[in-house]
Amino acid sequence: MQTIRVVKKADIVAPDSWLAQSPDEALTLPSRYFFDDTIFRSERDRIFMSAWHVIGHKSELSTPGQFVMTDIFDQSIIATCGKDGVVHAFHNVCQHRGNRLVEERRGVQKGVFRCAYHSWCYGLDGNLRHAPRSERIKNFSAGSYNIPTVRVEEVGGFYYFNLDPNAPSMSDLFPGADAEMKRVFPTLDDYKLLEEKDVIVPANWKVIMDNSIEGYHFSLSGPCHVDLADLIDFEGYKLTQRDKWWTYAAPANKDATSAYGVPLSADKNPDECFFNIGIWPHNTFYTFPFSQFLATFLIIPLAAEKTLLRFGYYTTHDTVPEVTKACMDWMNTDLGPEDIKLNISVQKGLHSVGYNQGRYVIDADRSNESEHLVHHFHTLVHNGIHGE
Ligand code: FES
Ligand SMILES: [Fe+2]
């Protein structure tokens with residue numbers, strides 16, 4: 001029996017007409033933007049293949065031999081700290097017959113990267129050092145089989161890679177972001193990775209981003225959100241939009257006596273805040289009040305309706321404070337799942353023939369409950385897909 005596909009309004013909306021709306025009156029991106037494979041492939045090719053992607057904190061690449069392997073779609077790169085202390089990045093692929101060199105996410109390579117297939121060996125800069133029996137073949141020059149390099153830049157204590165040799169540099173794309181990270185985390189260089197947790201979420205990457213950049217749902221959704229709202233001074237809560245990066249921040253509630261189930265000592269840090277910074281398109285760093293951590297929240301698209309959420313936690317303490325451990329647990333098992341449940345439910349709802357576009361709840365003051373960052377983010381996505 002043939003299935004009848006109901007034609008949605010979105011199928012006939014011209015891209016330009018979406019962009020022409022004013023934010024205060026705009027209808028949200030049509031629902032197919034969140035599950036259509038063609039749209040997803042356009043995002044991959046037109047947004048992510050020339051985007052800056054977090055590799056890791058400086059401390060993860062500060063000693064010669066340290067490496068981090070990271071993937072985006074079907075591409076994989078290795079970033080290493082060379083013998084000279086310089087960070088290199090190159091594709092994770094042997095130049096003989098294409099085998100992947102590294103499967104571990106992180107490690108320390110004391111010698112060379114040796115391909116498990118025929119033992120071609122590469123230095124920490126990705127240059128070919130040895131290819132067994134290559135002296136038997138005609139016109140072989142080892143220098144022609146170095147692994148192609150990938151661009152690396154550092155902003156705000158973290159290294160990023162970009163697969164596009166012609167992409168603008170991070171300082172041009174995100175002016176002020178480095179200074180903002182240093183302002184909020186004055187001892188940025190001293191952080192060390194404590195834990196990394198990957199969760200696969202059956203939702204489009206934008207559903208997850210939308211949820212993470214608005215305060216509208218904060219005191220209106222689940223109990224963990226309300227608990228977090230209690231630790232924040234909402235009067236001082238601000239969502240600030242720049243061109244390709246954004247922040248939202250609020251001072252901590254100074255009257256709080258406990259956080260994440262742990263009593264707070266009287267000398268709790270008065271500078272503690274709620275802070276979140278997003279670097280287009282999908283890199284997020286944050287801290288929660290009294291958590292004493294710097295965390296990453298990396299939204300890594302896998303398919304139109306499948307996303308890898310990577311939760312990383314960094315600390316400056318040799319002995320991790322109880323409140324830090326409690327906050328990580330609470331994020332992993334309480335607040336995170338509460339949002340993930342909403343994301344999965346939204347993803348299902350977006351397929352309904354009873355829904356196509358909603359409204360952005362944006363107020364004139366761009367207050368802490370306004371969804372202006374969601375509209376701004378959708379504009380960047382729309383431009384990324386349909387722009388020049
Ligand atoms: S594929 Fe790597 S050495 Fe053959
Ligand atoms: Fe949330």
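Predicted model: local features only at pLDDT ≥ 70, side-chain atom pairs only at ≥ 80, totals over all residues.
Local features need pLDDT of at least 70, side-chain atom pairs count only at pLDDT 80 or more, and totals for chains, interfaces and linings use all residues. Residues are numbered from 1 along each chain as its sequence is written, chains are lettered from A and ligands numbered from 1 in the order in which they are written, and side-chain values use heavy atoms, with hydrogens and water left out.

**Domains**

The chain is assigned domain 1 (53-162) and domain 2 (176-386). Such bounds come from an automatic or database domain assignment. The domain centres, taken over C-alpha atoms, are separated by 32 Å. Across the boundary, 19 residues of domain 1 contact 19 residues of domain 2; contact means heavy atoms within 4.5 Å.

An unreviewed UniProt entry annotates residues 52-161 as "domain: Rieske". UniProt positions follow the numbering used here, feature names are shortened, and annotations may be inferred rather than shown by experiment. In the model, this span is 0% helix and 39% strand. Its end C-alpha atoms lie 6 Å apart. Helices (H or I, at least four residues) and strands (E, at least two) are DSSP runs, numbered from the N terminus.

**Nonpolar cores**

A nonpolar core is a set of buried Ala, Val, Leu, Ile, Met, Phe, Trp, Tyr and Cys residues joined through side-chain atoms within 4.5 Å. Buried means under 20% relative accessible area, exposed over 50%, and partly exposed in between (1.4 Å probe, protein chains only).

The largest core has 102 residues. Leu228, Tyr260 and Phe288 have the most contacts inside it. Helix H7 (residues 322-350) gives the largest share, 9 residues. Domain 1 and domain 2 each supply at least three residues to this core. Another core, of 15 residues, lies apart from it and includes Phe113, Cys115, Leu124 and Ile147.

Tyr260 touches Leu228 and Phe288, and among its other contacts are Pro289, Val323 and Trp330, leaving out residues up to four places away in sequence.

**Cavity and pocket**

On a 1 Å grid over the protein atoms alone, a cavity is a set of points where a 1.4 Å probe fits but cannot get out; a pocket is an open set with protein on both sides within 12 Å along at least five of seven lines; lining residues have an atom within 4 Å of a point. Grid points are joined across faces, edges and corners, and a volume is the space filled by probe spheres set on the points. The structure holds 3 cavities of 30 Å³ or more.

| Void | Volume | Lining | Largest share of lining |
|---|---|---|---|
| Largest cavity | about 280 Å³ | 27 residues | H7, 6 residues |

Closest to the cavity centre are Ser212, Tyr248, Met331, Leu335 and Asp339. Strand S16 (273-279) gives two or more residues to the cavity lining. S16 also gives two or more residues to the pocket lining.

**Two loop residues**

Gly236 sits in the loop between H6 and S12. Its relative accessibility is 25%, so Gly236 counts as partly exposed. Beyond four places in sequence, Gly236 contacts Ala249, Ala250 and Pro251.

Gln292 sits in the loop between S17 and strand S18 (294-303). Why does Gln292 count as partly exposed? Because its relative accessibility is 30%. Gln292 touches, among others, Glu272, Thr315 and His317, not counting residues up to four places away in sequence.
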